[in-house]
Amino acid sequence: MSHGTRAGGPGTDRPAPAGRHAVVVGGGLAGVTAALALADAGVGVTLLEGRPRLGGLAFSFRRGGLTVDNGQHVYLRCCTAYRWFLDRIGGAALAPLQNRLDVPVLDLARPEGRRLGRLRRDPLPVPLHLGRSLAAYPHLSLADRARVGRAALALKGLDLADPALDDQDFGSWLAAHGQSARAVEALWDLVGVATLNAVADDTSLALAAMVFKTGLLSDPSAADIGWARVPLGELHDRLARQALDAAGVRTEVRTRVASLSPHADGGWSVRIPGETITADTVVLAVPQREAYDLLPAGALDAPERLLGIGTAPILNVHVVYDRPVLTRPFFAALGTPVQWVFDRTDASGLERGQYLAVSQSVAQADIDEPVAVLRERYLPELRRLLPRTRGARVEDFFVTRERTATFAPAPGVGRLRPGARTKAPGLYLAGAWTATGWPATMEGAVRSGVGAADAALGALGRPRPRHLFALEEAA
Ligand SMILES: Cc1cc2nc3c(=O)[nH]c(=O)nc-3n(C[C@H](O)[C@H](O)[C@H](O)COP(=O)(O)OP(=O)(O)OC[C@H]3O[C@@H](n4cnc5c(N)ncnc54)[C@H](O)[C@@H]3O)c2cc1C
């Protein structure tokens with residue numbers, strides 16, 4: 001048995017841990033964040049991750065000469081916690097934000113052929129910042145545009161603290177506020193499917209209201225989009241690892257935690273293959289199913305609630321063409337199964353041609369389809385969307401499937417998501433699925449890691465490092 005009181009690594013200037021030691025289980029964004037926050041506060045930390053790399057659900061792998069992300073990830077300017085994380089690992093410049101929200105939206109369902117619209121903002125106060133763009137948005141009728149404006153104002157008036165919102169579905173609320181099926185498809189679901197991984201009918205009004213209020217109806221710049229110009233693994237694995245090392249965190253990958261047990265006199269034993277680590281504090285930052293399996297009896301009042309939190313898939317279709325076929329960094333689509341298309345050429349290291357990632361949320365219908373079927377489904381759609389693909393050769397076509405990409409944001413899910421504190425002293429929960437108020441996002445994961453570290457530091461009697469927890473100041 002080893003006691004995990006390892007002091008800060010070489011080159012760190014943090015205070016010595018003075019005997020306090022934390023084990024963080026799970027090296028996704030939640031766990032990495034918790035480990036950094038605890039280490040920055042002077043606690044000795046061991047981070048244990050079952051897979052060979054950090055980054056959890058947001059990672060990269062090699063395929064021949066390409067570095068491929070398991071799925072396209074974006075964030076918004078309002079994601080202050082994830083932006084703090086990027087800064088903390090020294091990666092902000094590698095995942096920059098647009099100067100100003102600008103989403104090209106191509107519609108294929110028009111009788112006159114494909115038509116481009118744009119969702120962009122003006123330098124005006126909320127909600128006027130979107131007024132001009134909405135007034136000119138060609139994918140909605142004039143009447144729909146007016147009704148969208150009225151629904152947005154009603155949404156802005158919702159009180160996110162009202163627990164009743166979580167019992168309602170967003171689709172019914174939109175219908176009750178005069179939104180046509182077309183408005184739902186061309187606007188509400190265009191944004192909602194990508195951010196919530198569910199259509200409006202299957203989404204908790206609380207989560208939808210949170211996304212639309214925070215992203216589109218708070219600060220005019222809140223919805224400016226950011227994404228990694230490098231592989232995700234460069235940020236969430238390599239740079240994260242570097243930051244953890246510099247903070248003195250002992251990081252073990254390929255190290256799956258088998259069990260956790262509390263000591264009678266306080267403290268914890270964490271069992272990994274060939275070793276038992278003792279700790280004063282444990283942060284469990286694993287998915288909800290794994291958390292359920294590892295939680296000791298009595299740690300939550302109703303642990304079976306964790307199993308009630310559903311999951312939803314995301315699929316990415318990756319296509320390498322022998323020549324450039326798309327001139328924009330990304331676009332969204334309507335009137336086709338294709339949802340969002342990103343140019344990943346530079347990020348992947350491709351030297352000739354162009355590499356597009358087609359990001360498909362709410363992918364229940366596709367997730368188990370063979371590659372050949374998906375090829376038949378998606379290549380013709382890309383030919384319709386992008387005329388230049390018609391003369392291009394497809395050099396590579398492959399698919400990445402994440403069956404449990406996110407928790408399902410269904411009505412009622414809010415009741416099932418636990419907070420960071422458990423009833424077991426010294427044991428904390430983190431993960432995008434915990435009660436952050438956010439949908440399953442990188443932002444939610446980082447917030448949960450900060451929240452768990454904050455709770456743990458309070459119990460350890462350590463002062464909270466102000467800069468870590470004042471996320472709103474990072475906006
Ligand atoms: C394809 C795809 C696209 C997405 N797109 C976006 C997007 O555009 N924007 C956005 O914000 N979010 C997006 N998300 C969601 C985002 O990736 C997740 O919400 C976030 O990464 C979750 O982080 P986490 O740390 O909570 O959990 P996870 O990433 O699941 O991390 C948990 C970690 O725990 C480890 N683990 C489990 N059991 C054990 C054990 N017993 N011992 C040790 N380790 C263990 C796992 O291996 C894993 O690394 C997307 C997700 C996917 C899959």
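This is a predicted model: local features need pLDDT of at least 70, side-chain atom pairs count only at pLDDT 80 or more; totals for chains, interfaces and linings use all residues.
**View 1. The domains and the contact of domain 2 with domain 3.** For orientation, the chain is divided into domain 1 (12-57 + 231-308 + 412-474), domain 2 (120-223) and domain 3 (311-407). Taken over C-alpha atoms, the centres of domain 2 and domain 3 are separated by 26 Å. Domain 2 brings 12 residues to the contact and domain 3 brings 14 residues.

**View 2. The five-stranded sheet.** Here you can follow an open sheet with parallel pairing, whose five strands come in the order β10-β3-β2-β14-β20. At its edges are β10 (250-252) and β20 (427-429), each of which pairs on one side only. On average, and with direction ignored, neighbouring strands of this sheet are turned by 15 degrees against each other. Helix α14 (residues 442-460) packs on the sheet, where it touches β14 (281-284) and β20. The direction of α14 makes about 160 degrees with that of β20.

**View 3. The pairing of β2 with β3.** Strand β2 (residues 21-25) runs parallel to strand β3 (residues 44-48), and five bridges connect the two. Which residue of β3 is the bridge partner of V24? It is L47.

**View 4. The seven-stranded sheet.** A second open sheet has mixed pairing, and its seven strands follow the order β8-β7-β16-β17-β18-β15-β19. The edge strands, each pairing on one side only, are β8 (115-120) and β19 (394-407). Between neighbouring strands of this sheet the average turn is 25 degrees, direction ignored. Helix α12 (residues 371-385) packs on this sheet and touches β7, β15 (311-321), β16, β17, β18 and β19. Relative to β19, the direction of α12 makes about 105 degrees.

View 5. Strand β7 (residues 102-107) runs parallel to β16, and three bridges join them; D107 has L334 in β16 as its bridge partner. Strand β16 (residues 330-334) in turn pairs with strand β17 (residues 340-343) in the antiparallel sense, over three bridges. The hairpin of β16 and β17 has five residues between the strands, and in it G335 takes a positive phi near 75 degrees. Next along, β17 pairs with strand β18 (residues 354-360), antiparallel and over four bridges. In that pair, D343 stands opposite L356 of β18.

**View 6. The largest cavity.** How many cavities of 30 Å³ or more are counted in the model? The count comes to one. About 70 Å³ of space lies in the largest cavity. It is lined by 13 residues, with V68, D69, Q72, R344 and Y355 closest to the centre. At least two lining residues come from each of β5 (66-69), β15, α11 (345-348) and β18. Of these, β5 gives the most, with three residues. By class the lining has five nonpolar, six polar and two charged residues.

View 7. The peptide bond from V126 to P127 is cis, with omega near 0 degrees. You will find P127 in the loop between β8 and α3 (128-135). N197 is not a glycine, yet it has a positive phi of about 60 degrees. Look for N197 in the loop between α6 (181-196) and α7.

Conventions
Residues are numbered from 1 along each chain as its sequence is written. Side-chain values use heavy atoms; hydrogens and water are left out. Two strands pair if DSSP finds at least two bridges between them. Axes are lines fitted to C-alpha atoms, for helices over the stretch in contact, and angles run from 0 to 180 degrees between N-to-C directions. Contact means heavy atoms within 4.5 Å. Domain bounds come from an automatic or database domain assignment. On a 1 Å grid over the protein atoms alone, a cavity is a set of points where a 1.4 Å probe fits but cannot get out, and a pocket is an open set with protein on both sides within 12 Å along at least five of seven lines; lining residues have an atom within 4 Å of a point. Grid points are joined across faces, edges and corners, and a volume is the space filled by probe spheres set on the points. Ala, Val, Leu, Ile, Met, Phe, Trp, Tyr, Cys and Pro count as nonpolar, Asp, Glu, Lys and Arg as charged, and the others, Gly among them, as polar.
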